[in-house]
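Try each task before reading its solution.

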Amino acid sequence: MEFREEDYKYAIQDFSNVYLGARMTYQDLADYDGVPCKIKDAVYRIFLKEVSPDMTIADHLMEIKEDSLSFMAYQQMRVAIKVISLVLKTDKKGKTKETYDIKDYSLQDFMADEDIHNHPDQFMIQEISFKKRNMMLLHL
């Protein structure tokens, strides 16, 4: 399977949730029409004060600090972080097969997982999602 950067650049909304592809940069978030205005406001007021506009959400989450405003904003939105990892599984016949393991983390669980931070090349953050209700409670 070929990995294309554009596959993970999206902003999708349904009735009660927002899904953002983790390969979007903060400049993409600010420019994209499908991103809610409250998130665009948070990008300008919070995120761009701490990171450069060309940093992706995934890269930012890998180096975010717990005492930063960005961490507080993501915590208030109660983001769920979808992480994909490549796993080698052995079947009963002894053949190894590559499969993808997908896990959803809360921000606290993501920060506490040592494997992700010690071996970032084995994991890929696919998307973040949050409820619109939590987005509206975001204090800017």
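**Exercise 1. Count the cavities of 30 Å³ or more and describe the lining of the largest.**

Solution. The count is one cavity of 30 Å³ or more. A cavity is a set of points on a 1 Å grid over the protein atoms alone where a 1.4 Å probe fits but cannot get out; lining residues have an atom within 4 Å of a point. This is a predicted model: local features need pLDDT of at least 70, side-chain atom pairs count only at pLDDT 80 or more, and totals for chains, interfaces and linings use all residues. Residues are numbered from 1 along each chain as its sequence is written, and side-chain values use heavy atoms, without hydrogens and water.

Next, the size: about 40 Å³, as the space filled by probe spheres set on points joined across faces, edges and corners. Then the lining: Leu 20, Tyr 26, Leu 29, Ile 39, Phe 47, Ile 57, Tyr 74, Met 77 and Ile 128. Nine are nonpolar, with no polar and no charged residues.

**Exercise 2. Which type of aromatic pair do Tyr 26 and Phe 47 form?**

Solution. Rings of Phe, Tyr and Trp (its six-membered ring) pair if their centres lie within 6.5 Å; planes under 30 degrees apart count as stacked, over 60 as edge-to-face and the rest as tilted. Tyr 26 and Phe 47 are stacked, at 5.1 Å centre to centre and 25° between the planes. Tyr 26 lies in helix H1 and Phe 47 in helix H2, so the pair ties together parts 21 residues apart in sequence. Helices here are DSSP runs (H or I, at least four residues), numbered from the N terminus. Ring pairs link Tyr 26, Phe 47 and Tyr 74 into a cluster.

Conventions
On a 1 Å grid over the protein atoms alone, a cavity is a set of points where a 1.4 Å probe fits but cannot get out, and a pocket is an open set with protein on both sides within 12 Å along at least five of seven lines; lining residues have an atom within 4 Å of a point. Ala, Val, Leu, Ile, Met, Phe, Trp, Tyr, Cys and Pro count as nonpolar, Asp, Glu, Lys and Arg as charged, and the others, Gly among them, as polar. Helices (H or I, at least four residues) and strands (E, at least two) are DSSP runs, numbered from the N terminus.
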